[in-house]
Amino acid sequence: MKTLSILIPVYNAEKELGQCLDSIIPQLNDEIELILVDDGSKDHSLQVLQDYQARYPEIRVYAQPNAGCTAARQTALGYASGKYSWFIDDDDRLEENTVHKLLRYLKDDPDILIFGNTVDFVEEGYTFNMTCPDRVYLKTVDAVADCFENDNFNTYWNKFYRTSILKDHPECLPAGKENSGDLIFNCVAFTHAKKVISTSLIVYHYEKRAKESMVNRYLPDETTVLKDKEDAVKQMMSDLGAPGHPLIDNYLLREYEVFVINLFADGNPYNTQERLNLVREYITTPQGMNVIRTAQAPNTYSKIFKKTAESGSPAMIVRTYAALSFAKNTFSGIYRQFRKFTYTKG
């Protein structure tokens, strides 16, 4: 059995795939396997993978008709033989000479290992670190709380998972949940984790491209996504014996914010009245207002949302985010500078 399976679903990533693989392959050793699944790419991604496989026979490449990221992850996991699995995005990269350092932590036999990453704003040309504490958690709920506090619970690429947990609980990769799947994945994995370790070591570079950002792309299943995430978080916290934990409201505040931003994302079909109706139906409900008033806002963006939403007025929320959307689209350079200086806690 290998120690670690690196699993990469690939879809239309021919431009970035080379830098991703070039950052991983030099760090492979006898303990690590690299498995790539092309999910019916329409560009030359599969050819890139086959070229790399010809040069590096130790990597394994599979191809399937397009079925979505979740299906590609399922396929990759099915081939995994490592004790631990690590899902990596096809357009990101690893810090040099770091993977072998992570393997040392696996000697303590965690179910989940969490590590640090950078967020690289590609167009803007700046980077900041997302750090984690150096900690062995005695209670899984404390690990979850730290992940929420550090804004890295939704992500899967900065974590190793015990492969047997993922294979024994296929509900961690639910079909048809592409836009809520990462959150559901972690809710299931942490529910069944007995031992979690975190390290401040920076390993992963998340390459954030503005044109691909979730906050810029309209999600047509937004109401279902919000409900799925709310249910998953509440179920996890109940299973972990902390159904009333404050982090639930803190997390939901962020998801309410994302919901409203999506109403103004590129390609959204809504007029003003439809936005008002959606905010009234999903945000300014009695439950929603209780969340908004009690939750702590983790950063400047969330503080803007919280302050606006505390009015309880759908019209105030819609006007505020209409203005922010106009400013983003009209004064994009200033907006990017604002984001640079506020994309931190405080």
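Mentor: Helix H9 (247-262) and helix H12 (300-309) are among the elements that cover the buried residues of helix H11, where cover is judged by contact, meaning heavy atoms within 4.5 Å. Helices here are DSSP runs of H or I with at least four residues, strands are runs of E with at least two, and both are numbered from the N terminus. This is a predicted model, in which local features need pLDDT of at least 70 and side-chain atom pairs count only at pLDDT 80 or more, while totals for chains, interfaces and linings use all residues. Residues are numbered from 1 along each chain as its sequence is written, and side-chain values use heavy atoms, with hydrogens and water left out.

H11 itself spans residues 286-294, and its buried residues are Gly 288, Met 289, Val 291 and Ile 292. Seen down the axis of H11, these buried residues fall within an arc of 160°, so they line one face of the helix; the arc is that of the directions from the helix axis to the C-beta atoms. In general, an α-helix has 3.6 residues a turn, so residues three or four places apart point the same way. On the other side of H11, Pro 286 and Arg 293 are exposed. For these terms, buried means under 20% relative accessible area, exposed means over 50%, and partly exposed lies in between, with a 1.4 Å probe and protein chains only.

H9, one of the helices covering H11, also has a part in the interior of the protein. The largest nonpolar core has 99 residues, and H9 gives the most to this core, with 8 residues. Such a core is a set of buried Ala, Val, Leu, Ile, Met, Phe, Trp, Tyr and Cys residues joined through side-chain atoms within 4.5 Å. The residues with the most contacts inside the largest core are Ile 6, Ile 8, Leu 34, Trp 86, Phe 160 and Phe 190. Leaving out residues up to four places away in sequence, Ile 8 touches a set of residues that includes Leu 21, Ile 24, Leu 34, Val 37 and Ile 88, and also Asp 89 and Asp 90. A second, separate core of 5 residues includes Val 119, Phe 121, Phe 128 and Met 130.

Leu 34 also meets Arg 60, a residue of strand S3 (residues 60-64), whose contacts beyond four places in sequence are Glu 33, Leu 34, Ile 35, Leu 36, Gln 53 and Tyr 79. Arg 60 counts as partly exposed, with a relative accessibility of 25%.

Among contacts between residues at least 6 apart in sequence, 78% join residues at least 24 apart. The radius of gyration of the protein is 20 Å, which agrees with the value near 20 Å that a compact globule of 346 residues would have; this radius is taken over C-alpha atoms, and the globule rule is 2.2 Å times the number of residues to the power 0.38. Taken along the principal axes, the C-alpha atoms fill a box of roughly 60 × 45 × 35 Å.
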